Amino acid sequence: MTTRLSMSLGVALALAACTTGETPMGEPDGGLQTASLVLEPAEVELTSIEGATPTASFRAYARTLDGEMIEVTPESWRLTHDRIGAVDASGVFTADGRAGGVVEVVARAPGAIATIEGRATVRVLIERDAPLDPSVPPSVPDRFDLPEAEDPFESVLLEYPLDGARMPNNVAPPVVQWDPLPRGGADDAYRIVLSTPYATVRAYAYDSGRGFTSSWASDRETWRTIADSARGEELELRVDRVASGGTTVFLGQPVRVWLSEDGLYGTVYYWQVRPDPQSSDVFRLDAATGARASVFGTESGACVGCHSLSHDGRRLASTLDSRAATWATTIVDTASSTAPPPDLLGPFEPSYHFLAFRPDGARILASRAEGTEASGVSRLVMLDGATGLPTSATGLPEGDAGYPAWSADGAWVAWMQGGGDGPRGTRAPTTIVVAPIEGDDALGAPRIVHEGASLSESSEGGSTDSRPTWSPDSRFLAFAHGASSVSATEFGAEPPRAALYVVSREGGAPIRLERGMGVEGQVDAFWPVFSPFVTEEADGTRLYWLAFYSRQDYGNAYAGTRDTGRRQLWVTAIDPALVERGEDPSSPPYWLPGQDTRADDIAALWAPTGCRGQGESCSTSSECCSGECAASDPSMPDVLTCQPPSVCRRGGESCETAADCCSGLECNLGVCGYVPPI
């Protein structure tokens, strides 16, 4: 353990705090007139090695109106946050050894006019090794006690993560993957180095010659050390290699990713297509942990698709082929733990294609086939959210239209005009149209915000705009443009090409999300959808998060999908300030953790985690926002309802109201501690 203390009184005086504006609390230490409070040492740097918990002791000095410095006993000690350690009542700071970073120690004492504060800075550095995987011989770390060299012909090239990617702080650990050839072979040893400004973690992998995947997956505890030490900071990753019998450590070529200050929450519902045996299902996936589960539990040969979500995440509309002789659409309860979940509305026959729920759920803008599905023509209709029956809405488009989307503020709707949104999509020239809402069943005058034909000379080609999605602030839209509105490949034909753009609600030139589609995804990105959650960084930057799917390679051929052309879900960060300036607002994307690399995972929809409120019926605690499912009446033990939480819900856990959350945390979008920055 290494501890370095900076004890310059001059620096300490410079850091002395001013008054807080509270009422006077008297004169300390026999009537001294205290002007400011100074802590010594003013700056401390502690290094924790392998989980050690180093300490630093602070002393407080009162600077009187006469300029004297006299040691005093503060009335309290605290930290500006509790992520890297704790301070006791005697002014002793103890690092927890789990995360690095910077924190201020704050002492309070009565002053001449009001209570005053003194502050000192603690910087904690972490150095540790990740637990050694059982497949790695214990001697492997010692093989790296050799001279180091950089050699582009010998260095390991990382395939994932992508250089420059932005990731939310609470995302599940990425699987680090590298190119196995021509730089590797049996008995080669690898050292994975992850470095932030406040932490360095080393891990090891070994090629035994039997099924080595040229990858390393972090355990959650190790990853939390990295993530908690890189809030709003850059993370550098590299993989070093020692060849079998080698005498040199070849340093890998690093990539740098950025971890946000805040976390991203919610549930992603996506369509999984399995080719052998052929079937499809809707899966739910926790955006933070990567845990996934089937929603409908479809069997081999059954198909579920064309799914849509309500804004609160409680209702999921899907079209199924297993409940009637023809396709039927049903709206189900996502808070149920059963598979398939119970119906809330429907089944509707003939089926609907896509449904856009108004934020309050009272109305649904839906698309359905005109005539038979073979017609390729679709129309928009307005449905009553309580009954699912069509209403006599005015202002709806009379021609071909599809892919409706309702803005988060409830004031606007958008759709694709000029083509159908059935299973085969459309290759027709289309436009993205928006219209204001002027009543429960009235749309205002529509306005074209983008014409697909204007991008016919783009690298992806085509004249088809499709899949509009509203930004969380309802000020702009993202959409896909290309040769087709769907990614399905006709027999013997080349896969359709598409790219992602954003455009203002008022129209204007679209901005291509060049960086956000990934190194290989610029002409192979489909179906964008914004997360309802927004992260805010320490410098005030706000980031929106956009999911999409692509055939671009994820990682290598052993742990990822390289050379398969398999469709997978990706997420890119969007800076709305850059949208306003007309610049590419996207960052290189990250692969959404938790997917099945053996299947096609497409068509993500993102919403708050659907959960049941207090008093609603339940079968398991996981269905309840409070995490408590129990009998409210002992005389009826089989009647279960969601109850108030017996233990307060912590930050990031589901909630119904702020009363469910610990320490006065807010409850927004069903998450304790999430405070929307807008």
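**View 1. Cys-661 and Cys-672 are both buried, that is, under 20% relative accessible area, with exposed meaning over 50% and partly exposed in between, for a 1.4 Å probe and protein chains only.** The two cysteines form a disulfide with their sulfur atoms 2.1 Å apart, a disulfide being a pair of cysteine sulfur atoms within 2.5 Å. The link of Cys-661 and Cys-672 is left-handed, with -85° about the S-S bond. Cys-661 lies in the loop between β48 and β49 and Cys-672 in strand β50 (residues 671-672), 11 residues apart. Strands (E, at least two residues) and helices (H or I, at least four) are DSSP runs, numbered from the N terminus. The model is predicted: local features need pLDDT of at least 70 and side-chain atom pairs count only at pLDDT 80 or more, while totals for chains, interfaces and linings use all residues. Residues are numbered from 1 along each chain as its sequence is written, and side-chain values use heavy atoms, with hydrogens and water left out.

**View 2. Two further disulfides are formed by Cys-655 with Cys-667 and by Cys-624 with Cys-642.** The S to S distance is 2.1 Å for Cys-655 and Cys-667. Their link is right-handed, with 100° about the S-S bond. Cys-655 lies in the loop between β48 and β49 (667-668) and Cys-667 in strand β49, so the pair ties together parts that are 12 residues apart in sequence. Both of these cysteines are buried. In the link of Cys-624 and Cys-642, the torsion about the S-S bond is about -80°, so this disulfide is left-handed. Cys-624 is in the loop between β46 and β47 (629-631) and Cys-642 in strand β48 (residues 640-642), so the link ties together parts 18 residues apart in sequence. Cys-624 and Cys-642 are buried. The count comes to 6 disulfides, and with the bonded cysteines numbered in sequence order the pairing is 1-4, 2-5, 3-6, 7-10, 8-11, 9-12.

**View 3. Strand β16 (residues 189-196) has 8 of its 8 residues buried.** Ala-189, Arg-191, Val-193 and Ser-195 point one way from β16, and Tyr-190, Ile-192, Leu-194 and Thr-196 point the other way. β16 pairs with strand β17 (residues 199-206) in the antiparallel sense over 8 bridges; two strands pair if DSSP finds at least two bridges between them. A hairpin through 2 residues joins β16 to β17, and Val-193 stands opposite Arg-202 in β17. β16 also runs antiparallel to strand β19 (residues 233-242), joined to it by 7 bridges. Here Leu-194 stands opposite Leu-237.

**View 4. An open sheet of 4 strands has the order β24-β23-β22-β46, with antiparallel pairing.** β24 (292-294) and β46 (600-607) stand at the edges with a single partner strand each, so one side of each is left without a neighbour in the sheet. Strand β22 (residues 267-275) is joined to β46 by 6 bridges, and the bridge partner of Tyr-269 in β46 is Leu-605.

**View 5. The largest nonpolar core has 103 residues, of which Trp-178 and Tyr-590 touch the most other members.** Strand β43 (residues 542-550) gives the largest share of this core, 7 residues. A second, separate core of 26 residues includes Leu-37, Ala-56, Phe-58 and Val-103. A nonpolar core is a set of buried Ala, Val, Leu, Ile, Met, Phe, Trp, Tyr and Cys residues joined through side-chain atoms within 4.5 Å.
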